[in-house]
Amino acid sequence: MKYFQTVAIVALCLNVAWAEVVNFKKCPGEEKCTIHEVSISPCPEAAEGVACTVYRGTNVSISFDFTPEFVANELTADVSWTQPNFDLPFVGMDTAACKSTKCPTVSGTRQTYAYDLPIKKSYPPKHYDVKWKLTGENSESCCFIVQINITKKSKRT
């Protein structure tokens, strides 16, 4: 069992190490957290500074380095498609963020969150602004927005 855990951790680390750094913006009003870097894999478009194209029916690995300026024993992950008037929750995501980063958080200490996100076939192909937010029990949060394009996989001829 220990061998399989080691292999899984090494595989996750290699995936994060090869992930592409993408452009992101801070969520409005975000003052209690610094997002240092966001990486998505696969995302060859990142080198050109454009939104990642992700395919329905596949998984995308996302990781980000952040420094919270608050202490939290537990973190909840919330991912949504953000629009000017409202946000639509990303269905099917594990909201227990402490499975993907170290908890409790320590104020002023940099840490990494890493998650494999399934892109379901039911998601409509389109351009999305995706808001990713980690919230502590006192409603303090780390939040950023990235752009992705969800598309159908094309069949080879």
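Predicted model: local features only at pLDDT ≥ 70, side-chain atom pairs only at ≥ 80, totals over all residues.
**Entry 1: the model.** Residues are numbered from 1 along each chain as its sequence is written, and side-chain values use heavy atoms, with hydrogens and water left out. The chain has a mean pLDDT of 86, and 85% of its residues reach 70 or more. Over residues 1-17 pLDDT stays under 50. For that stretch the model has six contacts (heavy atoms within 4.5 Å) beyond four places in sequence. Where pLDDT is low, the coordinates should not be read in detail.

**Entry 2: the fold.** I find one helix and 10 strands. These are DSSP runs, H or I of at least four residues for helices and E of at least two for strands, numbered from the N terminus. The order along the sequence is α-β-β-β-β-β-β-β-β-β-β. Of 157 residues, 38% count as buried. I use buried for under 20% relative accessible area, exposed for over 50%, and partly exposed for in between (1.4 Å probe, protein chains only). Among contacts between residues at least 6 apart in sequence, 68% join residues at least 24 apart.

**Entry 3: disulfides.** My search of the whole structure gives four disulfides, each a pair of cysteine sulfur atoms within 2.5 Å. With the bonded cysteines numbered in sequence order, the pairing reads 1-8, 2-7, 3-4, 5-6. C98 and C103 are joined with S to S at 1.9 Å. C98 is partly exposed at 24%, and C103 is also partly exposed at 24%. In the link of C43 and C52 the sulfur atoms are 2.0 Å apart. I read -95 degrees about that S-S bond, left-handed. C43 and C52 are both buried.

**Entry 4: C27.** What does C27 bond to? Its disulfide partner is C143, S to S 1.9 Å. The link is left-handed, with -60 degrees about the S-S bond. C27 lies in the loop between β2 and β3 and C143 in strand β10, so the pair ties together parts 116 residues apart in sequence. C27 is buried at 6% relative accessibility. Leaving aside neighbours within four places in sequence, C27 is in contact with K131, C143, F144 and I145. From C27 to W132 I get 9.0 Å, C-alpha to C-alpha, across 105 residues of sequence.

**Entry 5: salt bridges.** The search of the whole structure finds four, each a side-chain nitrogen of Lys or Arg within 4 Å of a carboxyl oxygen of Asp or Glu. E140 pairs with K32, closest N and O atoms 3.4 Å apart. E140 sits in the loop between β9 (126-136) and β10 (141-151) and K32 in the loop between β2 (25-26) and β3 (33-41), so parts 108 residues apart in sequence are tied together. E140 is partly exposed at 22%, and K32 is partly exposed at 39%. D65 pairs with R110 at 3.2 Å between the closest N and O atoms. D65 is buried at 18%, whereas R110 is partly exposed at 48%. K99 forms a salt bridge with D94, with 3.0 Å between the closest N and O atoms. K99 is exposed at 64%, and D94 is partly exposed at 30%.

Methods:
pLDDT = per-residue confidence, 0-100.
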